[in-house]
Amino acid sequence: MCCDLKRRFLLLYATQKGQAKAIAEEIWQQAGAHGLEADMHCMSEMDKYNLETEKDPVVIVISTTGTGDPPDTARKFVKQIQDTTLPPDHFAHLQYGLLGLGDSEYTFFCNGGKTVDRRLQELGARHFYDTGLADDCVGLELVVDPWIDGLWLALKEAFPLQKEKEGMSSDVDAVSGSLFSAPHIIRELNLSSEVQNLKLEDEGVTSSDALTQKRVNINLVASTTDTEPSLVHSVPPISQSALNIPALPPEYIEVQFQDTHGENPHLSSLISEGTTFEVPVTKAVQLTREDAIKTALLLELDIADTVFDYQPGDAFYVICPNNGNEVEELLHVLGLSEKGEYFVCVKVKQGTKKKGATHPQHIPERSTLKFLLTWCLEIRAIPKKAFLRVLVECTSDVGEKRRLQELCSRQGASDYTRFIRDSNVCLLDLLHAFPSCKPSLNLLIEHLPKLQARPYSVSSSNLYQPGKLCFVFNIVEFPASPARPLSRKGVCTGWLAELVAPLLHPNKNALDTKGGSPSTEKISIFARPNNTFHLPADASVPFMMVGPGTGISPFIGFLQHRQKLREAHTDWEFGETWLFFGCRHQDRDYLFKQLRCFLENGTLTHLKVCFSRDSSTAEVAPPKYVQDVIRLYAKEVARVLLKERGYFYVCGDKKHMADGVSDAVVDILSMEMEVDKLEAMKILAMLRETNRYLQDVWS
């Protein structure tokens, strides 16, 4: 089809970590094969598009960040469209389709997309295509792939094309319609089982998102005795299927090795979110017994010589490196062990076909290779399907190549979820599993995401401990699996535990250093903005706190702060305080037994604890979980929330605790107010919106 017949649509994306941008690029890439031209821009580039005069259809891909905020790149756009002086027909001329990205582990799922969608509707814009909401908790591709599939027909129908013009665009019709009518877009070539035919061929293929994969006899690749699928092995029907695999993303990064002379960038230059502070770790305490299932540590940081400030309930980020052994192992597998200390220069490749290719912000223009892999790239990231597609081209063994094709294909979606996503497989695991795969360094830079700083809740008060900041965490453990023979610790928690080992075991360290004092280690931190998880401004307002396990962390800061306020303001009226705490064993992981002190001095009015794994000889078994304990105090919960307009705070695990707590509160509201469950859910939603039911949760 001639280029001048291609119809234009505006494609906007707003991204925080790059996922929305990658999906927008996939749409842009596919558009040409459907006879369309995507005019793609980041939502922040408001000088390059104008929705007020836009006549063509608009496609929006937008993620969500924080507790439900639009990404940073959408803030200016959202602020503009939320102008209350805009008339209700401001965007009456606009037709759009929106794809929102989010994670249902968090309360305000896809709220970034929902916010934009709702406001555009209020201003008169019309959907030409139903909104898609993709969930990173179960796999974005489960919604993203079919949403993109259906987009082309919806776009075609959105254009004001007359019937007589449709004959001119029959090529477009054939491609778009085939996505819904018949699978003839896949040319199933029933070839004999010649392994050389495994090579992917794209001649004659009409859609760049559905390249044809020839059938092969997988028995030539894997033993017929393998009846169960695995990361490296498939079984029928997928092993005998023709495959739809993604288009090959164009390369856009060029890497040049230089000498070993120079200095690496300072860590602060890698952070665009705020001012970084390098602070010493002055104290480390293990809060759990050695035989506890999880190991919890408390770390104290000295911030006295900085301008870093915080309130109880705030969070902050820790800048952490990848595990040093894993970096060395990756260098070895890539055949670059001798190049680790060499400086590399990273540039955008001239003549790249990638739309809007720019130098990644998180990649220094010049640093050593080891610095790049240690501080800049998330080498533990679960590889996206686009990365798997690239790795296909780097793999020489035909069986390994076929399996990688399956894992990135539509037909292999369940295998991808089971053996890669749910198994937490990373690049290093893949390179061990598929030893003939030898990707070049530029591909790693292109497809591995930015190494993210890790957020932690503050567990102290600057009134109680001036110049100090404390936080608590469990050392995350990833057990061994078929795809990973060795267990691993969390990237940040494992690093922190290793860093403070001399503080945890000073006697051993004294032997190691022949009596010398342990050196003071420093870490880099920066503030986490936009936090509403704070104490009520009015001290007379009652509040309830629910924090099992390390979820108790911010509430220690709350109670420390409240104690100091009570000491300083004896004439103030203070509302009652409740704390619901739970852990597995009372004698192994009751993290803060000094909670009794807060109870005795009146700072804490009610302390309710439960122990889920301790056996009981009582006739009536005590409640195991905090949500069960909360139900025992239904009248008190209803009184605090409804009659006294108090606050309710929840901190900890989302899936196994916070959801159970919110369900318990809904049941309490329903019972105490004598309303149905739907009405109770609306009341809880109102409490959330007015910031009286607050969560600080993680998955």
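The talk below goes from labels to the values behind them.

Visitor: What should I know about the model before we start?

Guide: This is a predicted model, in which local features need pLDDT of at least 70, side-chain atom pairs count only at pLDDT 80 or more, and totals for chains, interfaces and linings use all residues. Residues are numbered from 1 along each chain as its sequence is written, and side-chain values use heavy atoms, with hydrogens and water left out.

Visitor: Why is C110 called buried?

Guide: Buried means under 20% relative accessible area, exposed over 50%, and partly exposed in between (1.4 Å probe, protein chains only). C110 has 1% relative accessibility, so C110 counts as buried.

Visitor: Is N424 buried or exposed, or in between?

Guide: N424 has 34% relative accessibility, so N424 counts as partly exposed. N424 also has a positive phi, near 55°, and is not a glycine. Its place is the loop between α11 (413-421) and α12.

Visitor: What kind of peptide bond joins P236 to P237, cis or trans?

Guide: Most peptide bonds are trans. The bond from P236 to P237 is cis, with omega near 10°. P237 belongs to the loop between β7 (211-213) and β8 (243-245).

Visitor: What caps the N-terminal end of α10?

Guide: D397 does. One of its side-chain oxygens lies 3.0 Å from the backbone nitrogen of G399.

Visitor: What makes a space in this model a cavity and not a pocket?

Guide: On a 1 Å grid over the protein atoms alone, a cavity is a set of points where a 1.4 Å probe fits but cannot get out. A pocket is an open set with protein on both sides within 12 Å along at least five of seven lines. Lining residues have an atom within 4 Å of a point. Grid points are joined across faces, edges and corners, and a volume is the space filled by probe spheres set on the points.

Visitor: How many cavities does that rule give?

Guide: Two cavities of 30 Å³ or more. The largest cavity has a volume of about 100 Å³. Its lining includes L270, H362, W375 and K450. That lining divides into eight nonpolar, two polar and one charged.

Visitor: What lines the second largest pocket?

Guide: The second largest pocket has a volume of about 680 Å³. It is lined by 32 residues, and the closest to its centre are E326, R484, L486, S487 and R488. Two or more lining residues come from each of α7 (324-333), α12 (427-433), β18 (488-489) and α14 (491-499). The largest share, five residues, is from α14. The lining has 12 nonpolar, 11 polar and nine charged residues.

Visitor: What makes α14 mostly covered?

Guide: Eight of the nine residues in α14 are buried. W495 and L496 are among them.

Visitor: How do you know that β20 and β23 pair?

Guide: Two strands pair if DSSP finds at least two bridges between them. Four bridges join β20 (residues 543-546) to β23 (residues 647-653), and these strands run parallel. M545 has Y649 as its bridge partner in β23. The open sheet has five strands in the order β22-β21-β20-β23-β24, with parallel pairing.

Visitor: Why are β22 and β24 called edge strands?

Guide: β22 (606-611) and β24 (693-698) each pair on one side only.

Methods. Nonpolar A, V, L, I, M, F, W, Y, C, P; charged D, E, K, R; others polar. Polar contact = N/O pair within 3.5 Å; in protein donor to acceptor, adjacent residues only side chain to side chain.
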